[in-house]
Amino acid sequence: MHLADVAATFLLGLLGTAHCVGMCGPLVLTVSSAKSPSKLLSQAAYHAGRSATYVALGAALGALAPSISGLAGAAGADPSRVLGTAQIWLSLVSATLLLALGLERLGLFRLPATGSPSRLPGFARVRDGMLAGRPGAIFLFGALMGTLPCGLSWAAFARALGAGGAGPAALLVLAFALGTVPGLLLLGTGAAGLARRGQKVLELAAAVLIVGMALRLGVDAVASLGG
């Protein structure tokens, strides 16, 4: 893995800011309403929790990759080809999820109800602690929200799968998580009131960007699959 890979994954998060604001904006604004003496510290705890979940999932995928390669080699297949195909299919799933989310935000159809962290035991206690401004509860709330399905994060996980191990994969996904922070941090601190006033415009812009990213990711994945 090269520094250019880390930089590219950071840019994936940074350039996807509108998508992140559209997806996670309501959660960030909820955290900004917590009874905390510092909105900045509350937001930092939330993003630290969310990033920790991303890094853990990325590291798990990175650790899984050598196992996939080993099984492929034992079966007489080309390990690099099998791993590359797995990355492509993960990218296709990411693109499909992104497209569905974007079209739903445009009001074209509704997605079926799916599992939510709010159904987990103890979630209400974590949420209440978050609203009370307790840093540990805010961190846990962010960690739980990091499990929500997101096509953009799945694209980062697809990169992590081919990073060559748990450590490099964790670094790649951390770079992605850090790229998503600036826009969301601005939303949760200084721009919260402005975001609420322009919420409809913000959601429309996010939906258009999500659809565009889905189509680009899908086209690239199909082209790679064909190659």
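Which residue forms a salt bridge with Asp 128, and how far apart are the closest N and O atoms? Arg 127 does so, with the closest N and O atoms 3.5 Å apart.

## Basis of the model

This is a predicted model, in which local features require pLDDT of at least 70 and side-chain atom pairs count only at pLDDT 80 or more, whereas totals for chains, interfaces and linings use all residues. Residues are numbered from 1 along each chain as its sequence is written, and side-chain values use heavy atoms, with hydrogens and water left out.

The pLDDT, the predictor's confidence in each residue on a scale from 0 to 100, has a mean of 77 over the chain, and 77% of the residues reach 70 or more. Among the elements of the chain, α6 has the highest mean pLDDT (90) and helix α9 (residues 192-197) the lowest (54).

## Overall architecture

The chain has ten helices and zero strands. Both kinds of element are DSSP runs numbered from the N terminus, helices being H or I with at least four residues and strands E with at least two. Of the 227 residues in the chain, 42% are buried; buried means under 20% relative accessible area, exposed means over 50%, and partly exposed lies in between (1.4 Å probe, protein chains only).

Contacts are defined by heavy atoms within 4.5 Å. Of those in the chain with a separation of 6 or more, 81% join residues 24 or more positions apart. Leu 29 is found in helix α2 and is buried, with a relative accessible area of 14%.

## The largest nonpolar core

A nonpolar core is a set of buried Ala, Val, Leu, Ile, Met, Phe, Trp, Tyr and Cys residues joined through side-chain atoms within 4.5 Å. The largest one contains 38 residues, of which Tyr 46, Phe 141 and Met 145 touch the most other members. At least two residues of this core come from each of α1 (3-15), α2 (17-32), α3 (39-74), α4 (79-105), α5 (123-131), α6 (135-145), α7 (151-161) and α8. Helix α8 gives the most, with eight residues.

Not counting residues up to four places away in sequence, Tyr 46 touches Leu 27, Val 28, Val 31, Ile 138, Phe 141, Gly 142 and Met 145.

## Thr 180 in helix α8

Thr 180 lies in helix α8 (residues 166-188) and counts as buried, at 1% relative accessibility. The Thr 180 side chain reaches the backbone oxygen of Ala 177 at 2.6 Å. When residues up to four places away in sequence are left out, Thr 180 touches Gly 13, Leu 14, Cys 20 and Arg 50.

In α5, the buried residues are Phe 123, Val 126, Gly 129 and Met 130. They lie on the same side of α5, because they cover an arc of only 130° around the axis; the arc is that of the directions from the helix axis to the C-beta atoms. Gly 133, which follows α5, has a positive phi, near 90°.

The structure holds one salt bridge, defined as a side-chain nitrogen of Lys or Arg within 4 Å of a carboxyl oxygen of Asp or Glu. Its partners are Arg 127 and Asp 128. Arg 127 is partly exposed, with a relative accessible area of 34%, and Asp 128 is also partly exposed, at 44%. Side chains of opposite charge can pair when their charged atoms come close.

Technical notes
Polar contact = N/O pair within 3.5 Å; in protein donor to acceptor, adjacent residues only side chain to side chain.
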